[in-house]
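Please open the structure in your viewer and keep the selection tool at hand. This tour goes from one selection to the next and says what you will find at each stop.

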2 protein chains.
Amino acid sequence: MQRVTIKDVAEAAGVGVATVSRVLSGGSASPETRERVLAVAAQLDYRPSALGRNLRQRRTGGLGLLLPDLTDAFYGALAEGVLACARAVGEPVQVGSTGGDPEQEAELVGALLEQSIDRVVAVPSGSQESWTPVARAGMRVVFADRLPEAAEADTESLGDLEVLDGLRPPRRPVEVPSVLADDRTGMRTAVRYLTGLGHRRIAYLGGAGHARRVAAFGEALGPLFDDELVVLAETSRDSAYAAAAGLLQSRTDLTAVVAGGNLLGEAALLAARELDLRLPKDLSLVMYDDVPWAELSAPPLTVIAQPAREIGYRAAELALRPDLRRARSVLLPTELVVRGSCAPRRSQG
Amino acid sequence: MQRVTIKDVAEAAGVGVATVSRVLSGGSASPETRERVLAVAAQLDYRPSALGRNLRQRRTGGLGLLLPDLTDAFYGALAEGVLACARAVGEPVQVGSTGGDPEQEAELVGALLEQSIDRVVAVPSGSQESWTPVARAGMRVVFADRLPEAAEADTESLGDLEVLDGLRPPRRPVEVPSVLADDRTGMRTAVRYLTGLGHRRIAYLGGAGHARRVAAFGEALGPLFDDELVVLAETSRDSAYAAAAGLLQSRTDLTAVVAGGNLLGEAALLAARELDLRLPKDLSLVMYDDVPWAELSAPPLTVIAQPAREIGYRAAELALRPDLRRARSVLLPTELVVRGSCAPRRSQG
DNA sequence: CCCCGGCATGGATACGTTTTCATGCATCTC
DNA sequence: GAGATGCATGAAAACGTATCCATGCCGGGG
């Protein structure tokens, strides 16, 4: 199983390897030479080896994609978007599933580094501090769906920062472009919808990395906000269920829940059923992500639709297209799709 | 942004590059040298470049994964299995989504070839004829979930084959291992369950590449089989819905449907609702794939559960682990999970 | 004492490509 | 017509690694 190399083509065509390379990569060559080389290459079924090219150019083409969980329909759709864009520009994509674990994420980033893959779209699980170095190291990162959160204010690390600031001029922060759904208005729409139905005790059932949404939730609720009604789960169905069950069980006064993802919506539905809470009579539910089954569940779910596929596509575009080099971040609109899982708050009793 | 190379490490440690390479890849070296090299490498934060290694070894590590659609929960879970196994052995995986289109699949295989990635797990969309050459070319292929189908008997290509057979001794077929769910017993269980409930007109709503399932369906149904009650859709939600709607609309005599995948189940549910068919009173439905929402839909769906994640994991194992080189194919059990979408056939009326 | 085997080591080579640079030829300009 | 300009072309270098092979050292056996 000998591979046909550029050298073989060159010999067969009676030209130098440089000429073959030029012809194949669009450089200049005389028409007759070009034609001959192309003919020979086609006849030998020559395929340039990405290995040689990559080594020479000190970089691997292609795109890394890091996300928490392909089992989550939202990320599945997002991934499809990324793949679609990558295919459009002819780049391969290497996928890693982090399980929401910063350590695994770091490992996967390391693997990309090792492969000299220098473009990545990521749904980040790690902290901002863990991403800054990789962006600064020259990797072209695009965040999708959410931004990494600052590590919790650790006095020691703060001290470090101050020392560093004293020694060197403050480094300008690395600009990492991102493609996000507009959580602010999305959340506001949902919350207003619920408050409009008379709900006052509204909970947010979220996941790790939902700081922005929680903030938006708080902002939208205003004085009604009660931080005990915000529950964050890990990136797993079990954890989501535990969080949902815990929330519904401990806070019997709440009348509405916003689930920050389709896994969390699933969990809420399951937990509610377990506790014999009827939707929408006993509990109103708004779920993030307009997954196909939202329409099929009992009751059909009112959802905040995010353009998952487009988020992925745009993010990949930002990462791959050189003409978007200096591109800024993108905020995509969401849409409240009203179905049957919300009802006016029934009078106490 | 200069990369630290093995040469840098060698110089810093005062040894030759060969020694560094040996130490890092487990070759023999004196203990003190080894220690020094490792220390220097760690201190310089040296990461071997996959580029150099790959070129030298004329092969890229890693695994290709080709499947029809990441939006399909079944393939999402399968992909998670593949990724889990790959991570366990430290190999990156390159994912391509074919959309069920043989042409795109071929293109993606080409991309893998170009990258010198020589191991792939595939949910094949192309014909057997399109896969044989790639397996024969030395790529280590493992089929997951289904096998490629023989191209439809085309007289011309048959002629070609005969000519070739005349010229050379028949080539032994390439053994491509596979990891499949046991469609035969799975389907039989489902069909028996439905016939046991009194159903006689049972349809199979399948997708492309479901030849094996159709065969199993026919076998299980025996004399009740009616090939007009087998409908195959393309790999898309639209196509699935069209097929489902067409089936339910044209064959009002049928009382039960087996949907060959969760997308098809979705479609059947949607179409039934559109036609005001109530489940399970007017129509019984068994769906392949125990997706999380099966429990949440109205009614909860009776499903044939396939171990999607394990299928992926085992397939990746077969592709990646060298000690399984001569491994044969694997058949994994399915399970009928009875919920609420099937009922006894109501007496004609 | 000498030779030989074993082992640690480093130099050199090859992997397949792109790109730089020099060369040669032809055409254009004054 | 001579020098200048342009273009097509090929030789060679470089990318970072693994491996072959030769070298030198050591110790043990004859």
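Begin by selecting chain A, where 47% of the 349 residues count as buried. Please keep in mind throughout that you are looking at a predicted model. If you switch to a cartoon view of chain A, the secondary structure to look for comes to 13 helices and 12 strands. The radius of gyration of chain A is 26 Å, well over the 20 Å that the globule rule gives for 349 residues, so chain A is more spread out than a compact globule. You can follow this by turning the C-alpha trace of chain A, which spans about 90 × 55 × 35 Å along its principal axes.

Next, select DNA strand C together with the 30 residues around it, of which A:Ile6, A:Gly52, B:Val15, B:Gly16 and B:Ala18 come nearest. Which elements each supply at least two residues of this surface? From chain A they are helix 1 (6-13), helix 2 (17-24) and helix 4 (50-57), and from chain B they are helix 2 (17-24) and helix 4 (50-57). Helix 4 of chain A gives the largest share of the surface near DNA strand C, with six residues. If you colour this surface by residue type, you will find 12 nonpolar, 11 polar and seven charged residues.

Now move the selection to DNA strand D, which has 30 residues around it, with A:Gly16, A:Ala18, B:Ile6, B:Ala18 and B:Gly52 coming nearest. Two or more residues of the surface near DNA strand D come from each of helix 2 and helix 4 of chain A, and likewise from helix 1 (6-13), helix 2 and helix 4 of chain B. Here the largest share, six residues, belongs to helix 4 of chain B. The surface near DNA strand D divides into 12 nonpolar, 11 polar and seven charged residues.

Conventions: Residues are numbered from 1 along each chain as its sequence is written. Chains are lettered from A and ligands numbered from 1 in the order in which they are written. This is a predicted model: local features need pLDDT of at least 70, side-chain atom pairs count only at pLDDT 80 or more; totals for chains, interfaces and linings use all residues. Helices (H or I, at least four residues) and strands (E, at least two) are DSSP runs, numbered from the N terminus. The radius of gyration is taken over C-alpha atoms; the globule rule is 2.2 Å times the number of residues to the power 0.38. A residue is buried if 20 or more other C-beta atoms lie within 10 Å of its own, exposed if 12 or fewer, and partly exposed in between; C-beta atoms are placed from the backbone. A residue is near a molecule or strand if its C-beta atom, placed from the backbone, lies within 6 Å of it. Ala, Val, Leu, Ile, Met, Phe, Trp, Tyr, Cys and Pro count as nonpolar, Asp, Glu, Lys and Arg as charged, and the others, Gly among them, as polar.
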